[in-house]
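Colleague: Could you pick one part of this model and take me through it closely? I would like to see how the surroundings connect to it.

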Amino acid sequence: MSLEELQEYWNAHIELELEREGFDPERKPTYEEITEAGYSGISYALREHHNMTLSQFLATVGYADPSSDAYTWGIGDETTIEELESYVRTIDRRRGLAKSTVDTKRARLAQFARVYADIHGQADLVERVGDGANRQEEIQRLLAVFDEFHRDLESDASKLKYYGDVNQFYDHLERRAKGAFNPVSGIKAEYNWQRGDPNNQPLTTRQVRRLYEVADDPAEKILVLGLCAWGLRRNEVASLHHSQLVLETDDPHIAFENRKNGPGTVALLYGVDELVDRIDWLGGRDRDWNGYVFPSRASQSGHIIGGTVQSRFQNLADRADVQVGGELPTSKMGRRFWYTTYLKAQKQLLESLDVIAGEQGSSDPSVVLNNYLSEAERRKYRREFMRERLSDAFEG
């Protein structure tokens, strides 16, 4: 759905479902309440397709936080906050942008300012560009911030969106003679970010099967499962901890307290036995094991980093002679395989409901999916179709 379609769907369906579940329609719903009503996937959709948090989305459908009179920037420099708010008011008033677009730009600027403060102690952005004598030092500070974004953001498209919003903010300061220079104007040339983002290409089922066949130890198999069967980001694979694993249940899953934009769970449709064996082996080998599925004694965090996941994945792809566009695939291509496989499973489910939809006098099978099946039934059928498609890759 487009953002506008999602907003309409919220008003027409989700809000009514929350009310039927007994939640106060006048109060901003929590993530847990939305999940309980059967819509846990909305955070994923907002994050992946609209680069928004759930709170930002709720603000666009009438749930502004009544306890706060102003946006919480998360930094302490009042001058910077004042100029950020002035810039947001300007683009809201003069550019004719949708409110959701303005909210998203503000969220990116806030994240930029917080990362800047985390790295450099405080986000005194305006003061540091007020004097041209600081140009060299400030460019280095900004490079450090964008190095962080380069590591943490998975797609070139996301990196370019952050860069564009930050660049426009500094241009705004220059136009108003509040900044002597724009410290990010040339920074994009430091990185090989491409708008087409070749990383968006997924691996094929045959390629995933080949990777899984060539993986010659349990750790490599978990690596392929984590990216391709569970759809995890490489940093999530790197930091996976046994305390997140809920395996002794009919619904085995991984629990995340803070998954980028909020809590969530990931179903384990494949690889539970391999995961149990890995945990048992790590615990039996080392009495002082720290609980990470991919532990590292060389890292302060106690686990490997996302870059190590990337290098191990590409090493495996090299041995398996798997390439995409003539290059070794990135770990994100494994995650894209999970995503495209899920979309195909969803399409297959909808196609299977065509007959029922016709009997109900509807040409749209999604009406049956959303209105005539409970969330538990929808989840059950989605997983059956997803498991069937994954079996092509992991069972051959």
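Modeller: Apart from its neighbours within four places in sequence, Ile-187 is in contact with Ile-139, Leu-142, Leu-143, Phe-146 and Tyr-163, where contact means heavy atoms within 4.5 Å. Please keep in mind that this is a predicted model, in which local features need pLDDT of at least 70 and side-chain atom pairs count only at pLDDT 80 or more, while totals for chains, interfaces and linings use all residues. Residues are numbered from 1 along each chain as its sequence is written, and side-chain values use heavy atoms, with hydrogens and water left out.

Ile-187 belongs to the loop between helix 9 (156–175) and helix 10 (205–214). Helices (H or I, at least four residues) and strands (E, at least two) are DSSP runs, numbered from the N terminus. Ile-187 counts as buried because its relative accessibility is 2%; buried means under 20% relative accessible area, exposed over 50%, and partly exposed in between, with a 1.4 Å probe and protein chains only.

At 70% relative accessibility, Ala-177 counts as exposed. Its phi is near 55°, a positive value in a residue other than glycine. Most residues other than glycine have a negative phi. Asp-321, in the loop between helix 14 (306–320) and helix 15 (331–352), has a phi near 55° too, again positive in a residue other than glycine. Asp-321 counts as exposed, at 64% relative accessibility.

Searching the whole structure gives 14 aromatic pairs. Rings of Phe, Tyr and Trp (its six-membered ring) pair if their centres lie within 6.5 Å; planes under 30 degrees apart count as stacked, over 60 as edge-to-face and the rest as tilted. Tyr-87 and Phe-169 have ring centres 5.8 Å apart and planes at 70°, so this pair is edge-to-face. Because Tyr-87 lies in helix 5 (residues 78–94) and Phe-169 in helix 9, the pair ties together parts that are 82 residues apart in sequence. Both Tyr-87 and Phe-169 are buried.

Leaving aside neighbours within four places in sequence, Asp-124 is in contact with Tyr-116, Asp-77 and Thr-80. Asp-124 sits in the loop between helix 6 (99–120) and helix 7 (125–128), and it counts as buried at 5% relative accessibility.

Next comes helix 11. Of the 12 residues of helix 11 (residues 218–229), 10 are buried, so it is largely enclosed by the rest of the structure. Among these buried residues are Ile-222, Leu-223, Val-224 and Leu-225, and also Glu-220. Asp-217 caps the N-terminal end of helix 11, with a side-chain oxygen 2.9 Å from the backbone nitrogen of Ala-219. After helix 11 comes Gly-231, with a positive phi near 70°.

Further along is an open sheet of 3 strands in the order 1-2-3, with antiparallel pairing. Two strands pair if DSSP finds at least two bridges between them. Strand 1 (245–246) and strand 3 (264–267) stand at the edges with a single partner strand each, so one side of each has no neighbour in the sheet. Strand 1 is joined to strand 2 (residues 253–256) by 2 bridges: Val-246 is partnered with His-253, and Leu-245 with Ile-254. Strands 1 and 2 form a hairpin with 6 residues between them. Strand 2 is joined to strand 3 by 4 bridges, and Ala-255 has Thr-265 as its partner in strand 3.

To put all this in context, the protein has 18 helices and 3 strands. Of its 396 residues, 47% count as buried. Among contacts between residues at least 6 apart in sequence, 64% join residues at least 24 apart.

Conventions: Polar contact = N/O pair within 3.5 Å; in protein donor to acceptor, adjacent residues only side chain to side chain.
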